[in-house]
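Take a look at the sequence and the model below.

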Amino acid sequence: MTSLARPSSPISRVFEHRFVQYRRTFRASIFSSFISPMMFLTAMGIGLGGYVTNDAALGGVPYLAFLAPGLLAATAMQSATFEATFPIMGGLVWSKVFHAMYATPISPRDIALGNLAWITVRLTMISTIFSVVIVIFGAAESPLIVLAIPAAVLTGLAFAGPIAAFAATQKTPNKFAAIFRFGITPLFLFSGTFFPIGSLPVVLQGLAWLTPLFHGVALTRGLSLGTIMDDPIATAIHVIYLVTLATVGAHLMIRNFDRRLIR
Amino acid sequence: MSELPAPSLIHARGLTKRFGGFTAVDAIDFDVAPGESFGFLGPNGAGKTSTMRMIGCVSPVTNGLLTVMGMDPAKQGPLIRARLGVVPQLDTLDVELTVRENLSIYGRYFGLSRAEVSRRADELLDFAQLTERADDQVEPLSGGMKRRLTIARSLINEPTVLLLDEPTTGLDPQARHLLWDRLYRLKQRGVTLVLTTHYMDEAEQLCDRLVVMDKAKIVAEGSPRALIEQYSTREVTELRFAPGIAETLDGQLDGLAERIEHLPDRVLLYADDGESVVAAAHARGLQPEAVLVRRSSLEDVFLRLTGRSLIE
C-alpha cells in the first residue's frame, strides 16, 4: 500500500468515472438543456398560455408564470428517471463497468452513492439552466426562484433513488419503457404541472396528492411565485415527503447494488 | 497436500461456495506460492470462476478457510483488492471511453494521483502494444486488443497477484501467442499469476503448477509435466477409422498399448513408443484412415481423470 496515496474517497472516484463519460457529450447536453425549456415555455407558456384567461384559478398570475416552475420540477423528474435507468443497466449489465470497479477497493455501496452524487450534480446543472431560462422569459415572480433549484433537485432525487434501486434488479431494459409510459408520462400530465389539480375529479385529486411530482411542483411553484410560506404546514409536508422518498430510495439502491454485485 | 517451502500467498482449506442448493466449489485445498504461476484447469462449470471470484474478494466464502496475502477476504476485502489485478472472463471495459481513459480511470479507482496514473498508463500502453490506439475509442478494437487492454488495466496498481479468468478464450492463435508472451514477461518480473483455462496448451505454456478441477472438486495437482507422467504415457497414437469400422474392431486393438480410449471420432492408444504401436496395428492388418503419433498432453490427463474430453 506504500505507493497508493489516498487523496480521494471511493465515492468521488465513481463520480469521476461518470464525469469522464459525460465529458464526451458535454456540449450537446448543455445546448439541449437550454433549448428544451425555451421551446416548452414558448409553445405552451406563451403560445397556448395566450388563450388561458382564467387567471384566478392559477393564483392570479399569467399562465407562463404558473407553468414554468411546474415544468422545472417535471424536467428534473424526467432527467432523474433517465439517469437512474439506462446508465445503471449499462454499468451492471452492458459494459459491466460496475463489476470492474468492484474488483478494485471500491465497494458496491460506493458505486451506488457515487452514481447518486453524479445524478445530483446533473440535476443541479439542468435545474439551474432551466431556472435561468425562466428568469429570461420573465416568468419568475419572486427572487425565491433561486431556491427552486434545490427543490427541483430534491424532486429528481425522490425519483432517482427508488428507480435506480429497481433498475439494479433488472437484467434487460424491457420494463423501463413501462416506467416512462405508465409512471412518468401520467405524472407529467396530471400532477399539477399544466393545470391546478383542483380541475381534476376528486378521486384523482387524492391520487395526485400521493405522487412525488405533485409535491415537487408545489415547492418549485411556491418558490417561483413567492407563495411558499402561505401554507407552511403544506410546505413542510412536501419537503418531508420528498426527503423520505429520496432517503428510502438511496437505501434500497445500496441494498440492491450489494445483492447484484456481491455473489 | 504437501507443504510448500515458501509461505503461501493464497491459502485455501476446505474452500466451499454454494449458491442456494447448488455447490459450485466443494471443499477444495490449495496453496499458491509467491512468484508462482498457478492454474485451475477444467471444463466449463467445474467451479474455476467461482474460486477466482472468492480469491478476488467479490464473492463471499460459504465455508472453509481462505487467506489472500495473509488477509481475510471477509474482513479485508478492499485491502486485498488494492493489491490484486483482475482480468475477468468477459471484458468489463468502458467501450465509450478511449483506450487511455480506460487505463487512467481504472488507476483512479485505486486512489492513484492523476500524474501517477498518466505515467503508468504510458508504460502499460507500450507493454500492451496499444500506444498507437491510445486515443481511439474502445468499441471498435479487435478482441485481442481489448483483451490486452484489460490485462494492461489490471496492472495499473502494480499488483502482487494477477488473477486471469480464461485470459485467451475466444482469441485467434496469433492474438493468443502475443498474450502468452506478455504474461510470460510478467512472470519473469515476479508477478504471481493465477489463471483458469480450459486450454491444455495454455496451461502447459504458462503454469508452473496446476490443479485439475471437475464437478466442483480438485481431482489432481502437480506440474504439467508431473501430471502427464503420472496420468498418461510419453506418447499417444491416434487412429482414425472410416465411419462404421471403429464399431467392428472389438478387441482387435487389445494389448497394443497400456491403455486405450475410444472417442466418437477416433481411438487413442497410450504407450511410451507411439511408432511401435502403429507398426503393431498394421501388422494386425488394421487399416486406419489416419494416424497421428504425438506427445501426451494435459488433455490426456483430463480424459484419464474424468473419462471425458475437456471441450465438448
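## The largest cavity

This is a predicted model. Its largest cavity is lined from two chains. Chain A supplies A:His17, A:Val97 and A:Ala100. Chain B supplies B:Thr92, B:Leu93, B:Asp94, B:Asn102, B:Ile105, B:Tyr106, B:Tyr109 and B:Arg153. Two elements give two or more residues each to this lining: H4 of chain A and helix H3 (99–109) of chain B. H3(B) provides the largest share, with four residues.

The space amounts to about 50 Å³. By class, its lining holds six nonpolar, three polar and two charged residues. A probe the size of a water molecule, rolled over the atoms, shows where empty space is left.

## The second cavity

How many cavities of 30 Å³ or more does a search of the whole structure find? It finds two. Helix H5 (143–154) and helix H6 (173–188) of chain B each give two or more residues to it.

Four of these lining residues are nonpolar and two are charged. None is polar.

## Helix H3 of chain B

H3(B) also stands out for burial. Nine of its eleven residues are buried, so the helix is largely enclosed by the rest of the structure. The buried set is B:Val99, B:Glu101, B:Asn102, B:Leu103, B:Ile105, B:Tyr106, B:Gly107, B:Arg108 and B:Tyr109. Among them, B:Asn102, B:Ile105, B:Tyr106 and B:Tyr109 also line the largest cavity.

What covers the buried residues of H3(B)? The cover comes from both chains. It includes helix H1 (10–23) and H4 of chain A. From chain B, it includes helix H4 (114–127) and H5. Just past the helix, B:Gly111 takes a positive phi of about 80°.

## Helix H2 of chain B

Helix H2 (residues 73–81) of chain B has these buried residues: B:Pro73, B:Gly77, B:Ile80 and B:Arg81. They sit on the same side of H2(B), because they cover an arc of only 100° around the axis. An α-helix has 3.6 residues a turn, so residues three or four places apart point the same way.

The cover over this side includes helix H4 (97–102) of chain A. It also includes helix H1 (48–55), strand S4 (63–68) and strand S5 (84–87) of chain B. B:Asp72 caps the N-terminal end of H2(B). One of its side-chain oxygens lies 2.9 Å from the backbone nitrogen of B:Ala74.

Is B:Thr150 buried or exposed? B:Thr150 has 0% relative accessibility, so it counts as buried. This residue belongs to helix H5 of chain B. Leaving out residues up to four places away in sequence, B:Thr150 touches B:Val87, B:Pro88, B:Asp91 and B:Leu93. Of these, B:Leu93 is also one of the residues lining the largest cavity.

A:Glu83 lies in helix H3 of chain A. It is buried, at a relative accessible area of 11%. Beyond residues up to four places away in sequence, A:Glu83 touches A:Arg18, A:Ile88, A:Trp118, A:Ile119 and A:Arg122.

A:Lys96 is in the loop between helix H3 (63–94) and H4 of chain A. It is partly exposed, with a relative accessible area of 26%. Neighbours within four places in sequence aside, A:Lys96 contacts A:Gly90, A:Gly91 and B:Thr92. B:Thr92 is part of the lining of the largest cavity as well. The C-alpha atoms of A:Lys96 and A:Ser79 are 22 Å apart, and the two residues are separated by 17 residues along the chain.

## Chain B as a whole

Chain B contains ten helices and 13 strands. Of its 312 residues, 54% are buried. Its C-alpha atoms fill a box of roughly 75 × 45 × 40 Å along the principal axes.

Key. Residues are numbered from 1 along each chain as its sequence is written. Chains are lettered from A and ligands numbered from 1 in the order in which they are written. This is a predicted model: local features need pLDDT of at least 70, side-chain atom pairs count only at pLDDT 80 or more; totals for chains, interfaces and linings use all residues. Side-chain values use heavy atoms; hydrogens and water are left out. Buried means under 20% relative accessible area, exposed over 50%, partly exposed in between (1.4 Å probe, protein chains only). The arc is that of the directions from the helix axis to the C-beta atoms. Contact means heavy atoms within 4.5 Å. A polar contact is a pair of N or O atoms within 3.5 Å; within protein, one must be able to donate a hydrogen and the other to accept it, and residues adjacent in sequence count only if both atoms are side-chain atoms. On a 1 Å grid over the protein atoms alone, a cavity is a set of points where a 1.4 Å probe fits but cannot get out, and a pocket is an open set with protein on both sides within 12 Å along at least five of seven lines; lining residues have an atom within 4 Å of a point. Grid points are joined across faces, edges and corners, and a volume is the space filled by probe spheres set on the points. Ala, Val, Leu, Ile, Met, Phe, Trp, Tyr, Cys and Pro count as nonpolar, Asp, Glu, Lys and Arg as charged, and the others, Gly among them, as polar.
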